[in-house]
Amino acid sequence: MKIKPCVLLLSGIIVLAACSEKLDIDREYTRKLVANCILCPDTVQVLTLAYNSTVGSSVFDKVSDAEAVLYCENEAVGKFTKGKQDWELKYTPEAGKEYRLEVRVPGEPVLTATTTMPEKIAIERMKSGKDRAFRRLFQQAKPGPAFWIFCFTVNTDTQDYVRRNPKAGPEDYMQSSIGSNHPYADSFNAGTDIMFSTSSYVAGTTREHQHYVRIAPTYNHEGYIDFCIEGYLLFSFIYFRSASEEYDKYLKSSLKRAMAMIDTDDPTSWFDETEVFCNIENGLGIFGAYNDYVLQYNTLIDHYIETLNLPVSRIFDTPGLQEWIID
């Protein structure tokens, strides 16, 4: 499945789910304001403002007149300005800080919500051995919040290059199946098949998850956690996305809802009563935050890790390798 990073299920189409509630065909339609804002480790933050639609409709009235302010530790850090589609604020959130969103729309009650920007998850890459094209080894160095693992296969034009700041681009491919033996792995989106069950040349050891593996919070765990990730990982970007408590609940409830709606083989799923998590006071939607830690893999990086037993950071200082480095 080819997919752009900006429309990941984690940060894109789930926005639509924020405008949904439990399906009740007999209820009266109540017009409500919907605010969606997910703080991310970027220089620009995006806010979507619209009114919810009637049941069965996909048309949403956008808000054109509003005052939206972002606060950090009770100090205003800026106002969102209206762009062509959504509202934007040039600001990069600080990990560990608490944020509050306030939205004022004429004739509507003030919308408010809070969240905390999570720290990047502490992950160390380990030597993975001969099966590294399909199974990578990692170590979680310290406890942390819930995080989500997903993977992109790098397109053939850039798969041999090493990125200073690794992240997937519009021509990379998101993998639809991924597995992990992390002891805190959530099985809500796992099937009964083992990874690579249809392959004749590689045997999997973990259950197949749809697109993502959610790792529950590990705050009470003592010591390191060794685990593997299974997928097609020879040329890849592996994401470890730590999520605020609000965003984590939102993601899981939205994915469960999406899975139920997509499951056409089971008619009972059409009447799924899963509610999408919402933390917007006086309205609908979500205000949350995430932080990404991304690891890149290719044959050059594997040579440093597996053969030379050196950190990948050495690549950027090694003469003769500069032609393989891109931003």
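Modeller: What follows is an account of strand β11 and the parts around it. The model is a predicted one, so that local features are given only at pLDDT of at least 70 and side-chain atom pairs only at pLDDT 80 or more, while totals for chains, interfaces and linings use all residues. Residues are numbered from 1 along each chain as its sequence is written, and side-chain values use heavy atoms, with hydrogens and water left out.

Strand β11 covers residues 135–140 (strands are DSSP runs of E, at least two residues, and helices are runs of H or I, at least four, numbered from the N terminus).

Strand β10, residues 123–125, is joined to β11 by 3 bridges and runs antiparallel to it. Strand β19, residues 225–230, is also antiparallel to β11, over 6 bridges. Gln140 takes part in both pairings: it is the bridge partner of Ile123, and it stands opposite Ile225 in β19.

Helix α3, residues 299–307, has buried residues whose cover includes β11, along with β10, β13 (162–163) and β21 (covering rests on contact, heavy atoms within 4.5 Å). Those buried residues are Leu300, Ile301, Asp302, Tyr304, Ile305 and Glu306. The N-terminal end of α3 is capped by Asn298, which has a side-chain oxygen 3.1 Å from the backbone nitrogen of Leu300. Just after α3, Asn309 adopts a positive phi of about 55°.

The whole structure holds 18 aromatic pairs (rings of Phe, Tyr and Trp, the latter by its six-membered ring, with centres within 6.5 Å; planes under 30 degrees apart are stacked, over 60 edge-to-face, the rest tilted). One of them joins Phe134 and Tyr232: the ring centres are 5.9 Å apart and the planes stand at 80°, so the pair is edge-to-face. Phe134 belongs to the loop between β10 and β11, and Tyr232 to the loop between β19 and β20 (236–243), so the pair ties together parts 98 residues apart in sequence. Tyr232 is partly exposed, its relative accessible area being 40%. Ring pairs also link Phe138, Phe147, Phe227, Phe240, Tyr293 and Tyr297 into a cluster.

The largest core has 26 residues, and Leu47, Phe80 and Phe287 have the most contacts inside it. Its largest share, 4 residues, is supplied by β1. A second, separate core has 25 residues, among them Phe227, Leu233, Phe240 and Val312.

Technical notes: Buried < 20%, exposed > 50% of the residue type's maximum accessible area, 1.4 Å probe, protein only. Pairing = 2+ DSSP bridges. Core = buried A, V, L, I, M, F, W, Y, C linked by side-chain atoms within 4.5 Å. Polar contact = N/O pair within 3.5 Å; in protein donor to acceptor, adjacent residues only side chain to side chain.
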